Amino acid sequence: MMLPEHKEALLQHRKYLTQKEKPHLDEQRLEEFSLLLFEAYTHRLAITLVLFHPLEDRSISGYVEKLNPHLQQIKIVGDEEQLWIKLHDIVNIIVT
Amino acid sequence: MSTIPSNTRTIFLIDMQSFYASVEKAANPALQDKPVVVAGDPERRSGIVLAACPIAKKWGVETTEALWQAEQKCPELVVVRPHMQKYIDISVQITKILESFSDLAEPFSIDEQFLDMTHSLHLFGTATETAQKLQLKIKQETGVYSRIGIAPNKVLAKMACDLFAKKNKHGIFTLLPSNLEQTIWPMPVGKLFGVGSRMRKHFERMGIRTIGQLAKYPLPLLKKRWGINGEVLWMTAHGIDYSPVSVHTHDQQKAVGHQMTLPRDYHSLEEIKVILLELSEEVGRRARLKQYMGNTISVGIRGADFDFPTGFYRQMKLYHPTNFGLDLYKAALTLLDQYWDGKPIRSAGITLSNLQSDTCFQLSLFDNGIRKEKLSSAMDLIKNKYGSAAIIRAASLTPAGQAYARAQKIGGHYK
């Protein structure tokens with residue numbers, strides 16, 4: 001017999017098991033990211049950003065509209081939405 | 001010491017000794033050498049013993065007996081009220097310990113868990129050594145003593161634990177299919193996993209008194225009489241069980257149900273209706289929380305006298321899937337009208353099964369779903385924010401109502 005509250009607690013625990021830590025990116029990789037972003041910005045290239053999430057990474061596609069080095073974020077304009085994205089969340093950049 | 005051949009599985013069943021009582025003892029060292037029981041509600045002097053520690057058991061105290069009986073047997077008895085949330089937390093903590101031995105850990109109940117060691121056993125040594133390490137780790141980290149049954153499948157592991165490991169000195173026992181004839185076959189058939197008191201009586205009437213006699217009984221006759229269940233029991237007697245240890249057993253919900261034992265016997269239809277309404281609301285809310293709708297409702301009622309069981313357990317199909325309390329209540333009343341014999345009742349339960357997702361469903365033309373949905377989601381919002389007793393139906397304020405009492409409990413016992 002399993003109490004519903006017990007099941008819930010196990011489910012929470014399982015979720016925690018699949019959580020991952022943010023990968024540590026080295027300087028060269030970050031350098032590469034900034035070059036790519038700069039290039040995408042100046043030539044208006046469509047890019048896809050992969051953003052870190054402990055349970056499931058999420059990706060966002062669009063154009064780089066603005067770069068803000070002070071706040072460490074960039075503005076991405078996609079087909080339907082535009083978003084400010086923290087540079088720290090980026091784990092991969094794909095130029096499409 | 002016996003070992004399991006390498007081409008078979010190695011399954012552990014880990015059982016916590018007097019789990020609730022052990023947790024209480026670990027939390028309060030002053031109780032260490034005292035006879036301790038965890039019981040329903042010590043203040044009300046009613047309620048039953050949920051768990052008794054080994055010292056209390058020496059005095060003859062048994063689980064599920066009434067508290068006053070236990071106190072008569074043992075005058076120095078220390079009675080502790082239950083803390084269900086704590087037991088759940090420690091049970092999950094034990095699951096985490098098991099996961100440090102193998103990723104295939106499956107809780108079977110709050111105090112029993114299966115562990116499939118087949119693929120990681122070589123990292124730890126022999127099965128018995130590994131069980132010792134595991135036993136020690138659980139004891140060190142939670143203060144709870146555990147007993148471990150080892151076998152090549154789940155049902156044998158369970159019997160290895162219940163019939164042998166619980167009774168021997170080390171609390172560890174390996175049951176091998178090759179020597180069942182010496183181990184479990186001489187035992188009475190009632191000890192077989194899956195044989196309850198009713199089944200035992202049926203078997204005894206057929207001249208089957210031991211597990212061995214069941215194993216030798218012609219299978220076609222068992223199948224003819226009890227169908228699949230007969231075959232399963234025959235296989236169990238032979239130590240055959242193919243079910244895997246799966247971490248996903250509890251992921252898929254088949255039903256949402258709620259059951260409660262009443263503080264006193266309810267005699268009148270009016271009182272029983274209040275309880276059914278509360279149960280319906282609770283089941284509906286839990287189904288909505290999990291985003292399910294159900295097609296089938298079942299109602300179970302148990303009579304006041306457990307020695308002469310009365311009551312019923314019946315189900316019916318709904319016209320369309322629902323997760324609204326009032327829809328469930330209406331269906332439950334239909335069943336009650338049809339099957340209740342008018343005798344006083346002690347417990348009632350409602351289960352919603354045949355579940356489907358509530359994100360897309362067949363709309364009904366003449367049933368105003370949107371209003372119900374708005375009302376339900378408003379109530380859910382309030383309850384989620386301020387607790388489940390924040391908003392209740394007026395019927396729950398009558399003496400029959402249990403909503404306030406239930407709000408403080410898990411599984412019918414105090415959090």
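The following questions and answers concern a predicted model.

Q: In what order do the four strands of the open sheet in chain B stand?
A: The sheet of chain B is open, and its pairing is antiparallel. At its edges stand β9 (255–266) and β11 (311–322), each with a single partner strand, so one side of each is left without a neighbour in the sheet. Neighbouring strands of this sheet are turned against each other by 15° on average, direction ignored. The order of the strands is β9-β12-β10-β11.

Q: Which residue of β11(B) is the bridge partner of I297(B)?
A: Strand β10 of chain B covers residues 292–303 and pairs with β11(B) in the antiparallel sense. Eight bridges join β10 and β11 of chain B. The partner of I297(B) in β11(B) is M316(B).

Q: At about what angle to β9(B) does helix α12 of chain B run?
A: Helix α12 is formed by residues 269–289 of chain B. This helix lies across β9, β10 and β12 (345–357) of chain B. Its angle to β9(B) is about 155°.

Q: What angle does the direction of helix α13 of chain B make with that of β11(B)?
A: Helix α13, residues 325–339 of chain B, packs on the sheet. The strands touched by α13 are β10, β11 and β12 of chain B. With the direction of β11(B), the helix direction makes an angle of about 145°.

Q: Is R286(B) buried or exposed?
A: R286(B) lies in helix α12 of chain B. Beyond its neighbours within four places in sequence, R286(B) is in contact with V256(B), G257(B) and H258(B), and with P4(A) of the other chain letter. Its relative accessible area is 17%, and because a residue under 20% counts as buried, R286(B) is buried.

Q: How far from the C-alpha atom of R286(B) is that of I240(B)?
A: R286(B) belongs to helix α12 of chain B. Along the chain, R286(B) and I240(B) are 46 residues apart. Their C-alpha atoms are separated by 37 Å.

Q: Which helix of chain B holds D380(B), the salt-bridge partner of R288(B)?
A: The side chains of R288(B) and D380(B) meet in a salt bridge of 2.7 Å, N to O. R288(B) is buried at 13% relative accessible area, and D380(B) is buried at 14% relative accessibility. The pair links parts of the chain 92 residues apart, with R288(B) in α12 and D380(B) in helix α14 (residues 369–386).

Q: How many residues apart in sequence are the parts tied together by K86(B) and E24(B)?
A: K86(B) forms a salt bridge with E24(B), and their closest N and O atoms are 4.0 Å apart. K86(B) is partly exposed at 29% relative accessibility, whereas E24(B) is buried at 5%. K86(B) lies in helix α4 (residues 84–99) and E24(B) in helix α1 (residues 19–27) of chain B, so the parts tied together are 62 residues apart.

Q: Which residues are linked with D15(B) in a network of salt bridges?
A: D15(B) lies in strand β1 (residues 11–16) of chain B and is buried, with a relative accessible area of 4%. Leaving aside neighbours within four places in sequence, its contacts include D111(B), Y145(B), S146(B) and C161(B). The residues linked with D15(B) in the network are E112(B), R147(B), K158(B), D162(B) and K166(B).

Q: What is the phi of S18(B), a residue that is not a glycine?
A: S18(B) is placed in the loop between β1 and α1 of chain B. At 10% relative accessibility, S18(B) counts as buried. Its phi is positive, at about 30°.

Q: What is the relative accessible area of N354(B)?
A: N354(B) is found in strand β12 of chain B. Phi of this residue, which is other than glycine, is positive and near 60°. N354(B) is partly exposed, with a relative accessible area of 38%.

Q: What accessible area do F38(A), Y41(A) and L67(A) have together?
A: L67(A) is in strand β2 (residues 58–68) of chain A and counts as partly exposed at 33% relative accessibility. With F38(A) and Y41(A), L67(A) forms a nonpolar patch on the surface. Together the three residues have an accessible area of about 290 Å².

Notes
Residues numbered from 1 in each chain as written. Chains lettered and ligands numbered in written order. Predicted model: local features only at pLDDT ≥ 70, side-chain atom pairs only at ≥ 80, totals over all residues. Heavy atoms only, no water. Pairing = 2+ DSSP bridges. Helix = DSSP H or I, 4+ residues; strand = E, 2+ residues; numbered from the N terminus. Axes fitted to C-alpha atoms, helices over the stretch in contact; angles between N-to-C directions. Contact = heavy atoms within 4.5 Å. Patch = residues over 30% accessible without salt bridge, like charges linked within 9 Å, V, L, I, M, F, W, Y side chains within 5 Å. Areas by Shrake-Rupley, 256 points an atom, 1.4 Å probe, with all protein chains shown as cover. Buried < 20%, exposed > 50% of the residue type's maximum accessible area, 1.4 Å probe, protein only.
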